[in-house]
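Please open the model in your viewer and keep the selection panel at hand.

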Amino acid sequence: MTTATVSPNTAVRLQSAAGHDTAALFSERLAVAGRPLSAVTGAEIQAPLIQGGHVRYANLDYGASAPALSVVSAYLNEILPFYASVHRGAGYASQISTSVYENARNIVRDFVGGRAGDSVIFTRNTTDSLNLLAGCLPTVDGRPAGDVLYLDIEHHANLLPWQGVPHRSVVAADTLAGTVEALRAELEQGGVSLLAVTGASNVTGEILPIRALAALAHEHGARIVVDAAQLAPHRRINISADDVDYLAFSGHKLYAPFGAGVLVGRPDWLDAGTPHLAGGGAVREARLDGVSWATGPARHEGGSPNVLGAATLARATQVIAALDPDRWHAHESAIRSFLVEGLHKIDGVTVHQIFQDTDPDTDTIGVVNFSVEGYDAGLVAAYLSAEHGVGLRDGRFCAHPLLKRLGLPSGSLRASFGLGSRLEDAQRLLAGIEELRRTGLGWDYVVDSGRWVPANDTRTYPDWAPNTPGTAGAAPCTDD
Ligand SMILES: Cc1ncc(COP(=O)(O)O)c(C=O)c1O
């Protein structure tokens, strides 16, 4: 087995392989995006190639789950010896764990510019946070006080929780301006208690104007919740300045993949709502035939909390808060524009976006959605992984209504990147797609358990990984 490790020279080789124009685009951007902006754990892992050899894994799947920041991994190791029960012990380690957990709330509140009284509730992830909020919608005389309003471009996490309560949906227009007007028209009908909107599309990376939408919701007597699963890892958010009532995001997309998410927002609905997890810690007093529930975060955090998840999520927010905004933007924008310009140059490749008036530089996070004519998205993803060591997401991205609207009922491809990414990752993707268009697949592929996989795959996983390639099963939200 030969090993092709990636050295600085590899970038130069790839540069010349991709043609003069691309080489110029590449070198223009090297200074700002040639290296990661922040170190991440696993940045140098080697991926086995189907034809033999290994290559540095080009992780272009940050939008699904981002790698841990090295600072966060180090912090986890630092606090792990002190891991103990939270809120449940007088021992030294319990006291430290409790302090770390409670302090994590303050750190996260500061990170999002929370108001002094805002609740910070730790959950499992964004999906959990939005389901929690769905159980806290206000009532009048025991009946829902209004509808939840949402767009058709949402991730299922910001769509399905609202289908269990009175709701209305609005079809986004083909411009951002038109979409704001469509929401205004629906809000003017009255009877909306909550506008639920994504901060940035997980499909195309386009950013929604949350400050304007918050103002619009409030003008019409509604509140707003922002699904910041994608936005928080890419842009600073200030819920006080933007007047956002509720914000949800996930640690695993924010460089802290240790099982915690968060819901931040106004306490009144949350203190009156249905406890999200009935159990220990969520009560003031429990009787055999009844209970009086706690208020504050405890009401919704029944059971032993995920202290390591919350602590590492908070640590990641500190790293992000300390980034220089200009360097952060320049790094992400250089990779994105290089990738988009490169994809546009390849015959048969289409880059997808929802809105015609999106400014790609300011209104789009590090997410690029595309398809390759003549190839199923899942097949392209399998090819890029097996023959180029590139990891990206294919399918319908848990946003079925949007994919249908974009004319992509069987899915597309999504490259997403962030703090640990480098220009060469995008270059590897472009080189792979160019090769696919020029010479086709270099291996046979078959469908196994609903996913394309290389035929006769002899690549192995590390000894400690229980699965072998091809047995992972279908990606979520891909089946019809
Ligand atoms: C915009 C958006 N919202 C919500 C979610 C759900 O996040 P989680 O799986 O962490 O609950 C995702 C995940 O991809 C997302 O991209």
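A residue counts as near a molecule or strand if its C-beta atom, placed from the backbone, lies within 6 Å of it. The model is a predicted one, in which local features need pLDDT of at least 70, side-chain atom pairs count only at pLDDT 80 or more, and totals for chains, interfaces and linings use all residues. Residue numbers start from 1 along each chain as its sequence is written.

**The ligand shell**

Select the ligand first. Its surroundings comprise 14 residues, the closest being N125, T127, N202, A229 and S250. The shell divides into 2 nonpolar, 11 polar and 1 charged residues. Here Ala, Val, Leu, Ile, Met, Phe, Trp, Tyr, Cys and Pro count as nonpolar, Asp, Glu, Lys and Arg as charged, and the others, Gly among them, as polar.

**The two domains**

Next, colour residues 8-63 + 325-454 as domain 1 and residues 71-321 as domain 2; such bounds come from an automatic or database domain assignment. The C-alpha centres of these two domains are 30 Å apart. Domain 1 brings 29 residues to the contact and domain 2 brings 27, where two residues are in contact if their C-beta atoms, placed from the backbone, lie within 7 Å.

On the side of domain 1 that touches domain 2, select α11 (325-345), β16 (367-372) and α13 (400-405), each of which supplies at least two residues. Helices (H or I, at least four residues) and strands (E, at least two) are DSSP runs, numbered from the N terminus. The residues of this side of domain 1 comprise 13 nonpolar, 11 polar and 5 charged.

**α11 against α14**

Axes are lines fitted to C-alpha atoms, for helices over the stretch in contact, and angles run from 0 to 180 degrees between N-to-C directions. To display their contact, pick A334, I335, F338, L339, G342 and L343 in α11 together with L423, A426, L429 and L430 in α14. These contact residues divide into 9 nonpolar, 1 polar and no charged.

**α6 against α7**

Finally, select helix α6 (residues 176-188) and helix α7 (residues 210-219), which pack at about 15° with their axes 10 Å apart. This angle makes α6 roughly parallel to α7. Which residues meet here? V180, L183, R184 and L187 of α6 face A212, L213, L216 and A217 of α7 in the contact. By class, the contact has 7 nonpolar, no polar and 1 charged residues.

Conventions. Parallel < 35°, antiparallel > 145°, perpendicular 65-115°, else oblique.
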